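Trainee: I am new to this structure. Can we go through the terms used for it, and what backs each one?

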Amino acid sequence: MTSADSSGTLSNLLLLGRGSDAGSERGVSCEGDLPTPADPELRERARAAKATLGSRVMILGHHYQRNEVIEFADITGDSFKLAQAAASHPEAEYVVFCGVHFMAESADILVGDHQKVILPDLAAGCSMADMASASQVDTAWRKFEELSITSSTIPITYMNSTAAIKAFTGKNGGTVCTSSNAERAMRWAFERGERVFFLPDQHLGRNTALLKLGLKASDCVIWNPWKKNGGLTDEEIVSAKVILWRGHCSVHGRFSVDTITDFRARLPEVKILVHPECKNEVVSAADLVGSTEFIIKTIEEAPSGSVWAVGTELNLVKRLAETFPDKTVHFLDKTVCYCSTMNRIDLPHLVYTLESLVAGRVINQITVEAEAAKQAKVALERMLALP
Ligand code: 13P
Ligand code: SF4
């Protein structure tokens, strides 16, 4: 998000709504005059603009979005459900995606040519997606070519990746997955090859391989894009069953076994529920693990009076606690832990987006370049067709 100038100091810090960083996944900034968050009319303005647009607009809201945004979403969901929603609503001329950049890119690939996908703040990227660049992945694949293992290696990319990485995956016989279908994706891949190249989230890849497919830790190696040969010997690469990209989510990376131990000591009846982007030791120490949609369903169906500590993004955990007051829902971390990029989409950005559409201006449109979109669509459609 920053770059070093010739004197070695950090410059070009990308301030909210200003400047651009072509080297990162989100790429560009949000332009225009946003309404002030203090405007008491904001909710009314959002309601009025949405009503004027009627069925021409569909607002999708990821579960990590703020309440003030979720209030206006036509469909809320995890990244899988929202990809399905984008693919199955051809009647909406505008799809306003309240989530992060890679989700909006995927939506743009899946919608029809007559539809436009809009991200209310173009600075809403994802640090995990930024951890795998197309050229780094290309370097790794060229190494696999040199070792003659590409025909037996199936790439799987997590939804949290750029369109370029999804295109690489589609082109090379692989599929996209999300946290709700990673197990199915990995089983699908092992029916087609001997080895999986999983990117960019090492934790989801490892948790799926070890806890769902019963592989051993020694079956997995980590490809570090910053090291020569990924930091691996040729023998390690060839004999691996799963090559994990060295990427992670900085939000889910915060949850620890120590906090789980503390919770269990203080509240013996507590159940620990975490997202599979958490580290393997955290997921192994938890009672339940699953995507955001699974987390919601679990709390919804839990008996009254049950006590939970949930390891995922704070907007969602707070909403669960508010929505189900007959259950006790704690956040599984001692410090505040929002996803800062998800949080960039707020009511002022949503109002600005909707009012611009009412005025006939399409702002912050996400368009994936045609060739990349074609290849990425192959990988996304393979995911949507997984059994
Ligand atoms: P879901 O696939 O559960 O929606 O998670 C997306 C995400 O970004 C989690 O950090
Ligand atoms: Fe990316 Fe993590 Fe935020 Fe999800 S929670 S969007 S993986 S930074």
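Predicted model: local features only at pLDDT ≥ 70, side-chain atom pairs only at ≥ 80, totals over all residues.

Trainee: What makes E5 and E6 a pair of strands?

Mentor: Pairing takes at least two bridges. Strand E5, residues 94–98, has 3 bridges to E6, so the two count as paired. They run parallel. Within this pair, valine 95 has valine 117 of E6 as its bridge partner.

Trainee: What is the order of the strands in the open sheet?

Mentor: The order of its 4 strands is E4-E3-E5-E6, with parallel pairing.

Trainee: Why do E4 and E6 stand at the edges?

Mentor: E4 (75–77) and E6 (116–118) have a single partner strand each, so one side of each lacks a neighbour in the sheet. From one strand to the next, the twist averages 20°.

Trainee: Which helix packs on the sheet?

Mentor: Helix H4, residues 101–110, does, touching E3 (57–62), E5 and E6. Touching here rests on C-beta atoms within 7 Å. The direction of H4 makes about 155° with that of E5.

Trainee: Which residues have the most contacts inside the largest nonpolar core?

Mentor: They are Val95, Phe97, Ala107, Val274 and Val310, in a core of 113 residues. Beyond four places in sequence, the contacts of valine 274 include Phe255, Val282, Ala286 and Leu332.

Trainee: How do the residues of the shell around ligand 2 divide?

Mentor: There are 7 nonpolar, 4 polar and 1 charged. Among the surrounding residues are Val100, Met128, Asn160, Cys249 and Glu313. Glu counts as charged and Val as nonpolar.

Key. Residues numbered from 1 in each chain as written. Chains lettered and ligands numbered in written order. Helix = DSSP H or I, 4+ residues; strand = E, 2+ residues; numbered from the N terminus. Axes fitted to C-alpha atoms, helices over the stretch in contact; angles between N-to-C directions. Contact = placed C-beta atoms within 7 Å. Core = buried A, V, L, I, M, F, W, Y, C linked by C-beta atoms within 7 Å. Buried ≥ 20, exposed ≤ 12 C-beta atoms within 10 Å, placed from the backbone. Near = placed C-beta within 6 Å.
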